[in-house]
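This report describes selected packing features of one model, beginning with a single loop residue and moving on to its helices.

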Amino acid sequence: MNQVLSAHMLSSGQEIQIVQGDLTKENVGAIVNAANEHLQHGGGVARAIARAGGPVIQEQSNQWVREHGPISHAEPAYTHAGDLLARYVIHAVGPVWGSGDEDSKLAAAVDGSLKVADQLHLSSMAFPAISTGIFGFPKERAARVILKSIQDYFAASPDSGLKQVRLTLYDQPTVDAFLKIWKSMHLGEQ
């Protein structure tokens with residue numbers, strides 16, 4: 001069962017939550033998949049999402065790449081969520097650590113995902129800790145980039161229809177890293 005560990009209401013009216021649990025169990029408008037540019041969901045979060053959601057996710061991902069080409073950091077793809085509770089999966093390409101300009105690429109993936117959620121007229125979404133698994137992005141650094149990107153997006157888009165953004169984190173080391181940065185940014189219960 002997913003558990004909200006901390007929540008913060010932004011001045012623009014959106015709530016950000018740190019949640020410990022399983023991203024594939026989130027009942028939100030969309031979950032964000034930490035994808036690769038070819039949307040081949042063979043490992044990590046992507047594999048878990050594709051397994052839980054069923055074959056429609058990979059089928060629609062293949063179709064997206066055939067029609068639009070590889071996915072960029074700033075322009076995520078989206079598919080239906082199949083058997084998941086969420087309605088959509090937004091496929092964001094996070095950076096591989098060591099590829100250069102990683103912070104900007106991660107910020108672009110978060111910003112792009114939020115834009116797609118708004119284009120889909122969603123009120124809620126959930127992110128994983130993009131790039132912190134097999135892509136090797138340091139967890140605390142990723143937490144700072146992700147949280148700042150969410151705050152920046154809503155500061156620039158106060159009319160966003162999104163009302164809730166959840167950071168759904170699976171393992172304890174990731175939860176600990178995100179909560180440490182969360183507190184250092186003076187976010188928390190309000």
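**Surroundings of I71**

Leaving aside residues up to four places away in sequence, I71 touches E37, L39, W64, P76, A77, H91 and V93, where contact means heavy atoms within 4.5 Å. I71 is found in the loop between α2 (55-68) and β4 (77-80), and it is buried, with a relative accessible area of 5%; buried means under 20% relative accessible area, calculated with a 1.4 Å probe on protein chains only. Helices (H or I, at least four residues) and strands (E, at least two) are DSSP runs, numbered from the N terminus.

**Basis of the values**

This is a predicted model, in which local features need pLDDT of at least 70 and side-chain atom pairs count only at pLDDT 80 or more, while totals for chains, interfaces and linings use all residues. Residues are numbered from 1 along each chain as its sequence is written, and side-chain values use heavy atoms, with hydrogens and water left out.

**Helix α5**

Helix α5 (residues 172-184) has 13 residues and reaches 18 Å from its first C-alpha to its last, close to the 18 Å expected at 1.5 Å a residue, the expected span being 1.5 Å times one less than the number of residues. The buried residues of α5 are T174, V175, A177, F178, L179, I181 and W182, and these pack against β1 (3-9), β2 (15-20), α4 and β7 (164-169). Just after α5, H186 takes a positive phi of about 60 degrees.

Key. Buried < 20%, exposed > 50% of the residue type's maximum accessible area, 1.4 Å probe, protein only.
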